[in-house]
Amino acid sequence: MAATQMAMRKFGHLAREVAAVGQGTWEIERSDRKQAVKALQRGFELGMTHFDTAEMYGAGESEEIVSEAIAGRRDEVFLVSKVLPSNASRKGTIAACEKSLKRLRTDRLDCYLLHWRGHYKLSDTIEAFEELKRDGKILSWGVSNFDEEDLDEALEIAGEGKIACNQVLYHLKERAIEHAVIPWCEKHGVAVVGYSPFGSRGGFPSEGTSGYKTLKEIASAHSATVHQVALSFLIRRDSLFSIPKAARAEHAEDNSAAGHLKLSKEDIERIDRAFPLGKRPGSLPMI
Ligand code: NAP
């Protein structure tokens, strides 16, 4: 596949364009640290400048690894972290953000997310996000694992043009967000960031299955890999972003190339048939 530019696209209502394929970092601290930093840096060099972390990941260690990987390159990075629901009170959100900034060795986050709905009032978390924004500690905020009803509630509190993104589970075998979440986000100018694009640990279609065979055939026709084909499908709409995690540089290289693989209409229809959407579940699946 010819090397071209990483796809950049508008991130919700933000003026700034963000890399469609970014880098997840959940459990990255479980890998050899030097190797993990090298993988993130390789991904960055190849255009995966969108980094996703959270205070929860490795109890802050993932944020420290990201800070090492982006040292000296902060201005070129779109940096996202998340507050745990158990910290997401009015004051707790501010304190959690300040701790994340310290671990990340930066003065601001590009986007700060509520990791999932918890027991604190959503209005308190949103007020804290708005205060952080006024103080320049975050440039935007968003949510994660929000279904349609949660999004309605957040919109009711914050108003249009405030929620930058919704980060949700999205891979070939789990397409539930296509029922209501993607249409809702597109209607309200909210970026959809799909997490666990390879089904997290061991969830990628296995060799020998008909789904895998379809991916392999499409990949061969594009001189690409099956993982690139999967990622390209998952970012096929302008509202969609994906954040695969790779602790190995060769995986980062592979994933970055998906940012410029263009699937045909027929390819997309074949993948759609091989990994059917299914019925809308009672609640939004999450990991
Ligand atoms: P994932 O990205 O679906 O899969 C990661 C696994 O795939 C790792 O074992 C990785 O190996 C492997 N891999 C990566 N690139 C590959 C390639 N090109 N070929 C073959 N294997 C490859 O899993 P995830 O970490 O669950 O999801 C991604 C990110 O989404 C997380 O890291 C996190 O940032 C975010 N997330 C958010 C939430 C939320 O609630 N908001 C929940 C889950 C995840 P190596 O690591 O060995 O390279």
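How many nonpolar, polar and charged residues are in the lining of the second largest pocket? I opened the notebook with this question and turned to the model, which is predicted.

**Entry 1: the second largest pocket.** I found that its lining divides by class into 7 nonpolar, 3 polar and 4 charged residues. The volume of the second largest pocket is about 200 Å³. I noted 14 lining residues, and those nearest the centre of this pocket are R9, S232, I235, L261 and K262.

**Entry 2: the largest pocket.** I then looked up the largest pocket, which holds about 680 Å³ of space. Its lining comprises 31 residues, with W26, S196, S200, R201 and K245 closest to the centre. By class I recorded 14 nonpolar, 11 polar and 6 charged residues in this lining. Helix α9 supplies the largest share of the lining, 3 residues.

**Entry 3: the ligand.** Where does the ligand sit? I found that the space it takes is the largest pocket. The ligand is surrounded by 27 residues, the closest being D52, S196, S200, K245 and H251. I recorded this shell as 9 nonpolar, 12 polar and 6 charged residues. Helix α9, residues 249-257, gives the largest share of the shell, 3 residues.

**Entry 4: polar atoms around the ligand.** A polar backbone atom of T25 lies 3.1 Å from an oxygen atom of the ligand. An N or O atom in the side chain of H227 is 3.4 Å from a ligand nitrogen atom. For the side chain of N255, an N or O atom is 2.8 Å from a nitrogen atom of the ligand. Finally, I noted that the ligand taken alone exposes 910 Å², of which the protein buries 90%.

Key. Residues are numbered from 1 along each chain as its sequence is written. This is a predicted model: local features need pLDDT of at least 70, side-chain atom pairs count only at pLDDT 80 or more; totals for chains, interfaces and linings use all residues. Side-chain values use heavy atoms; hydrogens and water are left out. A residue is near a molecule or strand if one of its heavy atoms lies within 4 Å of it. A polar contact is a pair of N or O atoms within 3.5 Å; within protein, one must be able to donate a hydrogen and the other to accept it, and residues adjacent in sequence count only if both atoms are side-chain atoms. Accessible areas come from the Shrake-Rupley method with a 1.4 Å probe; for residues, only the protein chains shown count as cover. On a 1 Å grid over the protein atoms alone, a cavity is a set of points where a 1.4 Å probe fits but cannot get out, and a pocket is an open set with protein on both sides within 12 Å along at least five of seven lines; lining residues have an atom within 4 Å of a point. A molecule sits in a cavity or pocket if more than half of its atoms lie within 2 Å of its grid points. Helices (H or I, at least four residues) and strands (E, at least two) are DSSP runs, numbered from the N terminus. Ala, Val, Leu, Ile, Met, Phe, Trp, Tyr, Cys and Pro count as nonpolar, Asp, Glu, Lys and Arg as charged, and the others, Gly among them, as polar. Grid points are joined across faces, edges and corners, and a volume is the space filled by probe spheres set on the points.
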